Each structure stands twice: as C-alpha cells, then as structure tokens.
Amino acid sequence: MLYRNIYTSDDTFIFSGLKNRNFSALPFLAVGYHRDKCMNLSGEFRTLIKFNFNEFNEPIYIVDSNLNLFITSACFINCNSINLKIYRNLQDYNVNIVTAATAPRVVYTGINRTIRNSDIKNYISINIRELVVGWINGIFPNYGLTIAISCSQGNVYFASSRSNNWPYLSISYTPISGPTGPQGPTGATGAQGPQGIQGPTGATGAQGLQGIQGPTGATGAQGLQGIQGPTGATGAQGPQGIQGPTGATGAQGPQGIQGPIGPQGPQGVQGIQGPQGVQGIQGIQGPQGVQGIQGVQGLQGPQGIQGPTGATGIQGPQGIQGPTGATGATGATGATGATGIQGLTGATGVQGPQGIQGVTGATGATGAQGPQGPQGVQGVQGVQGPQGVQGLQGPQGLQGPQGATGATGAAMQLRGISAQLLGRSASTILNGATVLFNNFNDQSSNISYNSATGEFTINATGNYYVTWWIATDGAEPSTFVRFDLQVNGGGVIPSVSPIVTGQLNGSALITISSIPSTVRLINNTGATVMYGNTPIQANIVITEVAL
C-alpha cells in the first residue's frame with residue numbers, strides 16, 4: 001500500500017454579509033455565522049477547497065482518504081459542539097475572484113464532522129473517500145468542496161494555505177494492475193506471399209573473425225643471404241593469433257628485482273560476517289523536540305553497493321624468466337588434493353560509505369499467477385448517481401396465442417392527459433413556483449392544460465388517478481426536496497425525498513366533486529431546486545377513471 005499527502009491547490013472562504021468581497025489573501029478559513037451589532041453586519045461564512053489530482057496518471061484503488069484541517073479557534077454559542085457539513089461543488093470557481101454572490105452551486109454529500117472545544121489548536125480528519133474516488137475516476141467533475149455548519153449559531157476558523165498549517169488530503173492507495181493472461185495458441189501458418197521487389201544493396205558488413213591457422217608448410221631449402229634492404233615502415237598490428245599449446249614448465253629462475261606496486265585488484269568476494277561487536281554505552285537522552293506533522297511514509301531506498309575491499313597486499317618480486325626448456329611429454333593428471341582447512345574469520349571491517357545506486361536490472365520474467373486472495377471487505381455504498389438517459393424502445397414482441405374468453409366485466413374506460421418537461425428549457429424552479437410542462441398529450445375532453453400557468457383544468461366530476469416525477473440535482477441549502485400536488489389552490493398532496501439528487505416520485509387518487517377544478521404541481525422545498533441534466537426533467541399523468 002502507498003501513501004501520499006496532497007495539499008490544497010485553491011482555498012478561500014465567502015461571507016454573505018459582504019457578498020461582493022473576495023477573501024483569498026487571508027491566512028485563515030471560516031465557517032459559521034457572524035453578527036456585529038456595532039457595524040450592523042451579519043451573515044454566514046462558508047469555506048471552499050479544491051485539490052489537484054494530476055499526479056495520479058495511472059489507475060489506482062483508493063483505500064482511504066481524509067481531509068485534514070487545522071482548527072485555530074471556534075466560538076460555541078449556547079452549545080458544546082458545532083456540526084460541520086461537507087457539500088460537493090456543482091460548478092467551478094476562480095479562487096482569486098469568487099464571492100458569496102458568485103459562489104458555485106452545491107449538493108450535500110451526507111458527510112458530517114462534529115467539532116468540540118478539545119479540537120482547537122489541533123488537526124481534525126474528515127473521511128471523504130467517496131468524493132476522492134469520484135474525482136479521480138471521473139464520476140463527476142473536480143470542482144472541489146464547500147464546508148458549512150448545520151445551525152445558525154457559532155463559527156469555526158481553520159488555517160489556510162497562506163499559513164504554516166495547510167489543509168491537506170492524506171490518501172492511501174494501491175496501483176491497479178491485472179495478472180498476465182495465458183499465452184494464446186499459435187495461429188495457422190499463412191499462405192506464402194508474392195516475392196517482393198529487390199531491396200537496395202546493404203552496407204558493407206563488419207570484418208569477419210580470423211580464420212583457423214593452416215598447417216605448417218614443408219621447410220624449403222635455405223636461400224642465399226640477400227643484401228639487407230632499408231628498414232620498412234612499421235606495419236599495422238595484426239590480429240591476435242590462436243593460442244598455441246602450453247609448453248613444459250621451465251626450471252625456476254632466480255629471484256628478480258621487486259617490481260612496482262600493481263593497480264588495485266577487483267573487488268573480492270564478501271567475507272564471512274564477523275562476530276557482533278560489543279554494544280556501545282547508551283548516550284544521554286536529548287530534550288523532546290516539538291511534534292511535527294506526520295509525513296507520508298517514504299518508499300524504501302535502494303540498497304547501496306558494497307563498499308570496496310581493502311587494498312591488496314604488496315605483490316611479491318617477479319623472477320627473471322628462465323630459458324625455455326625442451327618440450328617434455330605431457331604427464332598424467334595428478335589426483336585432486338584434499339580441501340584445505342577453512343581459515344579463521346577475519347575481524348569486521350569498518351563499514352564503508354553508502355555506494356551510489358546501481359543501474360536498474362532487467363525486468364525479470366513474469367511469475368506464475370498467484371492464488372486468488374480472499375474476498376475484500378464490502379465497500380461503503382456509493383452516492384446515488386443521476387438518472388440515466390431513457391433507453392430506446394425495444395422491438396415489439398411476437399403476438400402470443402389468444403387466451404380464453406374471460407367473463408364479461410363492468411364497462412370501464414381509461415382516458416386522460418400526460419405532460420412532460422423536455423430538455424433543458426429550465427435549469428431551476430423557485431420555491432413556491434409551478435412546474436411548467438412544455439409537451440403534453442390530451443386524450444380526454446374533460447381535461448385541459450394551460451402551458452403558460454402550468455394549471456390543469458378538470459371539467460367533469462369523478463375519480464382521477466394522478467402520478468408524477470421530477471429529476472432533481474440539488475436544492476442548496478435544503479437537505480431534502482418536496483413537490484406537492486395542489487387542488488383548487490388549497491389542499492396539497494406532498495411528495496418528499498431526503499435525496500436531493502435523483503428522481504422524486506408521487507401519486508394520488510383525487511375525487512372531483514365541483515367543476516371546474518384546477519390541479520398543479522408546485523415546489524414546496526423552501527429553496528430553489530435545480531432540475532436534473534436529463535432529456536426529460538419532469539412528467540405527470542392524470543387518468544380519468546369512469547365506470
């Protein structure tokens with residue numbers, strides 16, 4: 001497993017009390033609420049943070065990821081703790097110009113962290129693994145995150161990247177690499193292709209190896225001694241001849257004059273390890289240093305090459321070469337002598353300095369695939385993704401065999417109207433506003449629709465079954481969405497969901513006793529709701545049930 005710390009690429013805070021001011025140059029970040037009666041100034045602080053993951057250019061598996069923030073101070077008003085909430089930004093921002101008026105839209109992630117008095121002057125950690133997985137794997141754009149608090153009292157201040165205690169992410173991960181598959185079977189030999197055109201003449205090849213020496217020719221008759229000619233130029237050195245047979249060992253000559261000290265020989269084989277030395281006396285304990293921020297565990301450094309062996313001893317004097325003796329008959333090979341007694345272990349030498357890193361060796365052959373490991377612990381369920389694009393209608397199935405004739409039932413007819421909000425004709429809907437559908441199919445003379453007001457008018461008494469759904473993508477700052485079916489401007493039938501990004505569904509059976517009656521679908525979330533980025537953003541069907 002590998003570990004890495006990633007520090008913020010952008011961090012700042014915004015304040016709704018000064019909604020057009022940028023605070024990116026300050027050495028702190030802030031969340032919570034501030035009220036100044038003297039200056040008649042009040043509003044909410046929110047912190048915006050972004051990280052850059054460009055250094056992860058290969059597939060990885062995120063084991064864990066924590067957001068680390070250093071708390072410099074906090075103000076608890078009528079409470080003992082403050083609850084932080086983590087939001088995912090739905091739009092990008094420029095840290096140098098962003099303000100409360102231009103802040104990005106956000107969606108709540110469900111991640112919380114409680115802050116208490118004991119956390120002040122310390123780093124806190126917030127697990128945001130699911131966000132980091134989504135950013136690195138491209139599940140959603142990396143626009144960073146926003147931090148706020150869940151109540152309207154108190155505030156918390158963090159150190160920013162302009163201070164000595166930067167916000168940072170601590171990530172533990174493993175690279176992803178699949179095992180090498182088995183080699184496929186050799187394909188059949190293809191048919192011989194036509195002869196190609198003759199290529200250009202190749203470059204002259206390198207000189208070949210020297211040939212084997214031929215047999216010695218017969219000795220010719222000695223010719224007359226010629227006149228000594230002038231000394232010729234020194235010829236180029238010829239190639240080395242083949243080594244002749246080893247001559248008989250000559251008699252030992254007298255001891256020669258001592259030669260100069262030869263160059264240092266190559267490194268010898270490492271000796272047997274000597275006995276462990278006596279443990280040294282423990283030194284006096286030094287004063288405890290200031291605790292630093294825990295760093296990322298570094299990769300193990302390469303092992304240095306072994307230090308050089310000590311210089312070789314002085315070489316003995318070389319004897320003067322004796323005259324070459326006559327070649328004797330080759331003697332029989334003597335028996336192998338007994339192995340000598342192992343010498344005593346030498347004293348441990350002083351450890352040499354660490355050598356430079358050696359050249360990386362060639363990649364070894366791929367080993368056989370190991371056995372399958374045990375199944376890992378099931379991961380945390382991911383955040384529900386947005387609704388997918390509606391698929392194409394499948395082909396019509398074959399007609400089944402005709403069934404037996406059923407008993408005659410009561411006469412019934414289903415008819416009504418359906419309406420849809422298509423494309424991105426609207427990106428948001430204000431609180432209290434009516435959903436304005438822009439495409440409808442009316443198959444009942446008793447129901448009509450006004451596309452300007454979003455109202456359906458029913459002109460016949462009876463029972464009506466109504467179903468609807470809306471694709472949403474956030475309702476900042478609300479943690480839920482609510483759309484109500486309103487009848488005649490009064491009674492409502494609610495549909496509520498704690499998931500602000502997804503599809504909200506509702507249905508109702510209503511009885512119309514007075515005509516004309518009106519029906520409309522309204523946003524009662526208490527906040528502006530963003531429509532989902534889907535081909536169909538909302539749908540409603542009103543069915544007239546007549547017996």
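**Close-up views of a predicted model**

View 1. Five strands, arranged in the order 15-16-21-18-19, form an open sheet with antiparallel pairing; strands are DSSP runs of E with at least two residues, numbered from the N terminus, and two of them pair if DSSP finds at least two bridges between them. Strand 15 (447-450) and strand 19 (492-497) lie at the edges with a single partner strand each, so one side of each has no neighbour in the sheet. From one strand to the next, the twist averages 20°, where axes are lines fitted to C-alpha atoms and angles run from 0 to 180 degrees between N-to-C directions.

This is a predicted model, in which local features need pLDDT of at least 70 and side-chain atom pairs count only at pLDDT 80 or more, while totals for chains, interfaces and linings use all residues. Residues are numbered from 1 along each chain as its sequence is written, and side-chain values use heavy atoms, with hydrogens and water left out.

**View 2. Strands 18 and 21.** Strand 18 (residues 481-487) runs antiparallel to strand 21 (residues 517-523), and five bridges join them. Within this pairing, Phe-483 has Asn-523 of strand 21 as its bridge partner.

**View 3. Val-63 in strand 5.** Val-63 belongs to strand 5 (residues 60-75). Because its relative accessibility is 32%, Val-63 counts as partly exposed, a class between buried (under 20% relative accessible area) and exposed (over 50%), with a 1.4 Å probe and protein chains only.

**View 4. The whole protein.** The protein has 23 strands and one helix, and 27% of its 547 residues count as buried.

Definitions and conventions:
Helix = DSSP H or I, 4+ residues; strand = E, 2+ residues; numbered from the N terminus.
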